[in-house]
Amino acid sequence: MINKVLIANRGEIAVRIIRTCIEMGIETVAVYSSADKDALHVKLADEAICIGGPKSVDSYLNMQAILSAAVVTNVQAIHPGFGFLAENSKFAKLCAEMNIEFIGPSPEVIDLMGDKQNARNTMNAAKVQTVPGSDGILESPEVGIEIAKTVGYPVLLKATSGGGGKGMRMVHEESHFVDAYYEASREAKNAFGDDRLYMEKVIFPAHHIEVQVLGDKFGNVIHLGERECSMQRNHQKVIEETPSPFITEKTRAQVTQAAVRAAEQLNYESAGTIEFLVDADQNYYFMEMNTRIQVEHPITEMVTGVDIVAQQLRIASGLPLAYEQEDITFTGHALECRINAEMPEKNFMPSSGTFEFAHFPAGGLGIRVDSGVYAGYQLPPYYDSMVAKLITHGDNRPQAINRMLRAVSEMTIDGVATNQQFQYDLLFDEAFLKGNYTNDYLEANFLPEWIKRHQA
């Protein structure tokens with residue numbers, strides 16, 4: 001079993017990984033930027049090493065500094081968390097060359113799934129339905145226009161590398177295609193150093209459904225159910241829940257088995273997520289695979305009782321999965337609200353400052369908080385705006401929602417503006433309460449009215 005791990009990340013995910021390591025008797029090494037010297041993950045780890053200046057490129061993306069810290073502290077493995085280097089195959093290769101276990105899939109699988117067209121080809125081989133579109137990279141806008149005539153508008157131009165909404169343009173009619181093509185291509189080049197695009201038909205409106213999978217080094221693959229992630233803004237998730245209130249039991253069985261087939265096709269190791277779009281008629285289409293742990297993994301842990309980070313550590317240690325599929329049971333319903341340092345009424349402008357006071361909900365059953373902040377902590381302005389995740393679990397969806405309402409209302413943060421009120425109001429929204437929302441709902445329906453009220 002691995003006995004010492006370096007966490008190549010920061011914030012709440014670094015804290016969350018350290019907590020599981022403590023429970024498993026594994027020593028931890030935190031790395032931090034000069035801006036994060038007082039961060040909670042630095043205080044909780046057994047050792048901590050400063051790896052550079054406040055900018056991510058000088059610290060959390062600085063492979064040489066991170067690997068040097070790993071060598072100096074004599075760790076056996078590196079957990080990348082999510083973001084930063086979590087899906088960087090070069091970093092995974094460097095870890096292997098230095099005989100350090102990268103807690104994640106192989107560099108080859110990261111590359112395969114990171115290239116969206118290769119990912120589509122892999123899914124087709126696993127007999128997993130993909131969204132209709134181009135069979136490969138678009139050689140020119142003219143080629144894309146011809147394909148769009150076949151699959152029908154609207155279509156979505158997507159960067160073959162990267163994600164997070166970068167290098168994406170929706171095109172509703174042929175007259176806008178050429179401009180959208182070059183805009184997406186330039187953005188992809190700037191964001192990922194790769195200007196190649198492919199194209200998919202837009203499944204709209206749709207539900208964003210993702211399936212959590214785990215695979216070990218012995219070819220064993222299981223799923224931990226699905227998550228509903230359709231409440232999102234600018235391609236970023238706001239609230240997640242499991243199980244999905246929309247899909248049927250038949251669709252649930254189909255998408256989870258499709259995800260297992262996909263992971264088996266890849267000989268996948270570690271935690272991963274297969275993401276689907278599901279239309280109004282319950283037809284489902286592969287969208288992408290995230291070869292890392294997800295922000296929203298706690299809700300899956302709440303309904304299954306499986307510690308996903310612990311399983312990652314077991315797998316990286318060369319141990320088989322602690323579970324077979326028949327061991328996995330699903331109990332109740334879970335929700336996650338992402339609490340961000342931002343001002344929704346000002347177009348979600350990021351906020352920074354000092355947490356003069358920070359109280360998170362506690363007591364009772366079914367409430368969990370994952371956060372890296374505390375009273376007196378100064379929030380650096382250089383990183384992602386998420387400061388906490390509120391997670392609730394109940395015997396059923398109404399109970400989980402009621403507990404989330406208490407959790408959000410009880411949370412008290414002074415000194416830094418957050419989206420707390422926005423999340424609280426969203427929990428009262430009629431479409432959300434009915435579980436009847438698609439991935440366009442927040443921006444098209446809830447958000448315009450909410451901003452109008454709060455800017456009045």
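A residue is called buried when its relative accessible area is under 20%, and exposed when that value is over 50%, with partly exposed residues in between. By this criterion, helix α10, which spans residues 297-304 in this predicted model, is mostly covered, as seven of its eight residues are buried. These buried positions are His297, Pro298, Ile299, Thr300, Glu301, Val303 and Thr304. Glycine 305 follows α10 and has a positive phi, near 75 degrees.

The interior may be considered next. In soluble globular proteins, nonpolar side chains tend to be buried together. The largest nonpolar core of the present model comprises 62 residues, among which Leu6, Ile78 and Phe91 touch the most other members. This core lies between domain 1 (4-103) and domain 3 (207-455), because both domains give residues to it.

When residues up to four places away in sequence are not counted, phenylalanine 91 touches Met63, Ile66, Leu67, Ile78, Leu85 and Phe102.

Methionine 24 belongs to helix α1, which covers residues 11-24. Its relative accessibility is 31%, and methionine 24 therefore counts as partly exposed, since this class lies between the limits of 20% and 50%.

Note on methods
Residues numbered from 1 in each chain as written. Predicted model: local features only at pLDDT ≥ 70, side-chain atom pairs only at ≥ 80, totals over all residues. Heavy atoms only, no water. Helix = DSSP H or I, 4+ residues; strand = E, 2+ residues; numbered from the N terminus. Buried < 20%, exposed > 50% of the residue type's maximum accessible area, 1.4 Å probe, protein only. Core = buried A, V, L, I, M, F, W, Y, C linked by side-chain atoms within 4.5 Å. Domains from an automatic or database assignment. Contact = heavy atoms within 4.5 Å.
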